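Subject: Structure handover

Hello,

Here is the structure I promised you. Please open it beside this email and follow along as you read.

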Amino acid sequence: MLIEIKKLNKSYGTAENRHDVLRDLSLKIQEGEICVIFGPSGSGKSTLLNIIGGLDEIDEGSVLVAGRQLEKMTANELAAYRRAELGFVFQFYNLIPDLTVRENIQVCEKLTETPLALGELLRVLELEEQKDYFPAQLSGGQQQRCAIARALIKNPEILLCDEPTGALDYNISKEMLSLLESVNRRFGTAIVIVTHNKAIGAMANHVISIRDGKVSEEYYNENPLPAQELEW
């Protein structure tokens with residue numbers, strides 16, 4: 001089991017200002033699967049992703065990721081975990097404007113001793129022709145591809161994606177999801193996608209819905225739909 005969460009509780013604030021974000025939440029995610037986590041705004045899905053990513057602390061429960069018990073780790077151990085095990089892709093790309101595509105990717109290449117081949121990533125993500133472009137010279141879809149390549153160059157076991165299509169139009173969103181499929185097939189990377197778009201669940205092996213801080217529904221797709229066939 002790659003990710004195992006048991007009876008997770010997370011809140012913000014204190015006393016009358018306390019807000020319970022996640023409540024007694026338990027779930028499991030397998031190696032190499034595409035898992036889509038749904039939920040409306042405020043359901044706790046992004047907080048859950050931040051906890052898996054070692055960015056937020058928990059109040060109660062346990063979080064086991066890639067054999068590591070996150071709640072027992074020091075700040076330095078969490079930093080090493082994020083560096084070695086995880087890639088992050090967010091709705092906003094956070095590319096460095098004064099660096100080229102190739103240089104933006106190479107920033108993260110230096111964080112690991114076993115990086116993926118830069119040339120192969122550029123080919124898989126269709127960025128070979130843009131490798132010497134600066135972010136301002138790229139389309140939104142190309143910037144997202146660069147962000148994915150930057151996350152993947154570390155050869156992470158898990159790719160965490162927070163609303164990766166939220167800033168993209170319909171056609172580019174489907175193109176982006178197809179690229180995530182390719183990454184999953186080519187590199188065996190487990191991909192966890194947090195989104196409010198339920199249609200994306202059809203491409204996943206594993207679908208989890210969260211409402212009011214709890215898992216409200218969970219199921220598996222025996223025959224996931226190719227991303228290019230998704231409709232919403």
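Start with two helices. The axes of helix 3 (residues 101-109) and helix 5 (residues 140-152) come within 7 Å and cross at roughly 30°. Axes here are lines fitted to C-alpha atoms, for helices over the stretch in contact, and angles run from 0 to 180 degrees between N-to-C directions. Helices (H or I, at least four residues) and strands (E, at least two) are DSSP runs, numbered from the N terminus. The crossing angle makes helix 3 roughly parallel to helix 5. Angles under 35 degrees count as roughly parallel, over 145 as roughly antiparallel, 65 to 115 as roughly perpendicular and the rest as oblique.

The crossing of helix 3 and helix 5 is right-handed. That term applies if the near helix is turned clockwise from the far one by less than a right angle, while anticlockwise gives left-handed. Which residues of helix 3 and helix 5 meet? Helix 3 brings Val101, Asn104, Ile105 and Cys108, and helix 5 brings Cys146, Ala149 and Arg150. The residues of this contact between helix 3 and helix 5 divide into 5 nonpolar, 1 polar and 1 charged. Contact means heavy atoms within 4.5 Å. Ala, Val, Leu, Ile, Met, Phe, Trp, Tyr, Cys and Pro count as nonpolar, Asp, Glu, Lys and Arg as charged, and the others, Gly among them, as polar.

A word on the ground rules. This is a predicted model, where local features need pLDDT of at least 70, side-chain atom pairs count only at pLDDT 80 or more, and totals for chains, interfaces and linings use all residues. Residues are numbered from 1 along each chain as its sequence is written, and side-chain values use heavy atoms, with hydrogens and water left out.

Helix 5 also meets helix 6 (170-187). Their axes come within 10 Å and cross at roughly 20°. That makes helix 5 roughly parallel to helix 6. Helix 5 passes helix 6 in a right-handed crossing. From helix 5, the contact uses Gly141, Gln144, Arg145, Ile148 and Leu152. From helix 6, Ile172, Glu175, Met176, Leu179, Leu180 and Val183 take part. The residues of this contact between helix 5 and helix 6 divide into 7 nonpolar, 2 polar and 2 charged. An α-helix has 3.6 residues a turn, so residues three or four places apart point the same way.

Now helix 1 (residues 45-52). How many of its residues are buried? The count is 6 of 8, and helix 1 is mostly covered. Buried means under 20% relative accessible area, exposed over 50%, partly exposed in between (1.4 Å probe, protein chains only). The buried residues in helix 1 are Lys45, Thr47, Leu48, Leu49, Ile51 and Ile52. Glycine 54 follows helix 1 and has a positive phi, near 70°.

Next, some single residues.

Serine 11 lies in strand 1 (residues 3-12). Serine 11 is buried, at 10% relative accessible area. Its side chain joins that of arginine 18 in a polar contact of 3.4 Å. A polar contact is a pair of N or O atoms within 3.5 Å; within protein, one must be able to donate a hydrogen and the other to accept it, and residues adjacent in sequence count only if both atoms are side-chain atoms. Leaving out residues up to four places away in sequence, serine 11 touches Arg18, His19, Asp20, Val21 and Asp59.

Threonine 165 sits in the loop between strand 7 (158-162) and helix 6. Is threonine 165 buried or exposed? Its relative accessibility is 8%, so threonine 165 counts as buried. Threonine 165 touches Ser173, Leu177 and Ile200, not counting residues up to four places away in sequence.

Alanine 202 is in the loop between strand 8 (190-195) and strand 9 (206-211). Alanine 202 is partly exposed, at 31%. Not counting residues up to four places away in sequence, alanine 202 touches Asn221, Pro224, Leu225 and Leu230.

Finally, look at two backbone angles. Aspartate 24, in strand 2 (residues 19-29), has a positive phi of about 55° although it is not a glycine. Glutamate 126, in the loop between helix 4 (118-124) and helix 5, also has a positive phi, near 55°.

Best wishes
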